[in-house]
Amino acid sequence: MSSPATTALRRTRRQRRSIVCAVVETLEKRNLLAQSAWAFPGADGQLLYQTTVLGDHIADFATAGYKGGTVPIPDVPVKLTVSPVAGDDTATIQAAIDDVENDPLDANGFRGAVLLAPGEYQIGTSLNINASGVVLRGSGTYQTIIRGTGTGQRTLINVAGSGSRSTVSSTTHNITDKYVPSGAISFTVDSTTNLAPGDKVMIRREATQSWINALGMNLLEPGTEWAPSGYHIQLDRTITRIDGNVITIDSPINQAIDRVNYGAGTIYKYTYAGRISNVGVENLGGVSDFDPAITSNFDSPTTYYADMNHPWRFIRLGTVENAWVRNTLSQYFGNGNVSVESNSKWVTVTDSQCLDPVSIIDSPNRYAFNVDDSSHALFRNLYSRDGRHDYVQGSFVPGPNVFLDSRADNAHSDSGPHHRYSTTT
């Protein structure tokens, strides 16, 4: 006999089918009619960009997603299969993940997938993937259901590396151009010593008080004015070419570097030993237990479930690169389905749904699909119902990041950059 959660998920699946059909038709019509002087297809089908007098133009977003959008998400071979047990399944699944994490990486950078057989799995704490090359795979969003049991705000599936970036000594150089336009992928430096194509680099655009004043952000309520120390923009990029002292990078500058009027820019090489890669979560349904006796009508004309002490997010990706979440469905979590965080890069989140969150309709709740402190994330073909900020960026998120062909019904607030200063979305 199906559980109430499974029945609800199946019912939602039938509803979703009709929604997908409607959205595809609308988007297709929109794409056929779209016209813009700022970005338009040339005779060969490639996009052309109109520039301003200073050379600024709309950024190229093509490098967002797994492997920079250059290859499909792979189907990683199964190493271990897990079936549900009586009671809590956390230890059984975690043991399988740990076992695969101890295997060597293959030539493609993978260790293998842990396959969860059909059924419902009770998770009283959290599952953790902390090594490269590991995939957690279910048998389908309505066949394999992860149930977050008990109380306490937590993420059910954490895919996370560790540590922070380290600057490579003697690689920091000044950008010497008077003006590097927004959207540019090349610039001049004072020296390229110890830099080479393929290097992972950070490009730092210094914030200055004059720039803040030009934006009027010095006029905010006392105590909330911007300060330069909080608004330096750091861009995670890869060098693709060096010609003399001209460096070309893999994706564009987010914010013009105006050395004459608003401050300098620098570049430096970094290493990131703790960031993991080639990791994924796929083909899973997730449902959170909650207390239905706790209700509220805050910020709503109707009464709704508002338990704040239960599983909070289905999946979190942090300190990862070349990672993905695909074909997932979450229901009743306090916040949402997927959050991409902590200096992650080249991530795809696709073909997933976030349904019926349970929490007070207020900050910082109901962020269905979130990106924070990360870049090159591609969120595609998603659906959210009854969220707040359904497709959202945190306060200081330098892209490029992309939300494409997705829909939110019964949204309680806006989608997009969430206050402060996030760029290139």
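Visitor: What counts as a pocket here?
Guide: On a 1 Å grid over the protein atoms alone, a pocket is an open set of points with protein on both sides within 12 Å along at least five of seven lines; lining residues have an atom within 4 Å of a point. Volume is the space filled by probe spheres set on the points, joined across faces, edges and corners.

Visitor: How much space lies in the second largest pocket?
Guide: About 330 Å³. The model is predicted: local features need pLDDT of at least 70, side-chain atom pairs 80 or more, while totals for chains, interfaces and linings use all residues. Numbering starts from 1 along each chain as its sequence is written, and side-chain values use heavy atoms, without hydrogens or water.

Visitor: Which residues lie nearest the centre of that pocket?
Guide: His-232, Gln-234, Asp-373, Phe-396 and Pro-398, out of 21 lining the second largest pocket. Strand β15 gives the largest share of that lining, five residues. Strands are DSSP E runs of at least two residues, numbered from the N terminus.

Visitor: How many cavities of 30 Å³ or more?
Guide: One. A cavity is where a 1.4 Å probe fits but cannot get out.

Visitor: Switching to the open sheet: what is the strand order?
Guide: β6-β9-β22-β24-β26-β28-β31, seven strands, paired in parallel. Pairing takes at least two DSSP bridges. β6 (127-129) and β31 (416-417) are the edges, each pairing on one side only.

Visitor: How many bridges join β22 to β24?
Guide: Five, linking residues 313-318 of β22 with 336-341 of β24. Arg-313 has Gly-336 in β24 as its bridge partner.

Note on methods:
Helix = DSSP H or I, 4+ residues; strand = E, 2+ residues; numbered from the N terminus.
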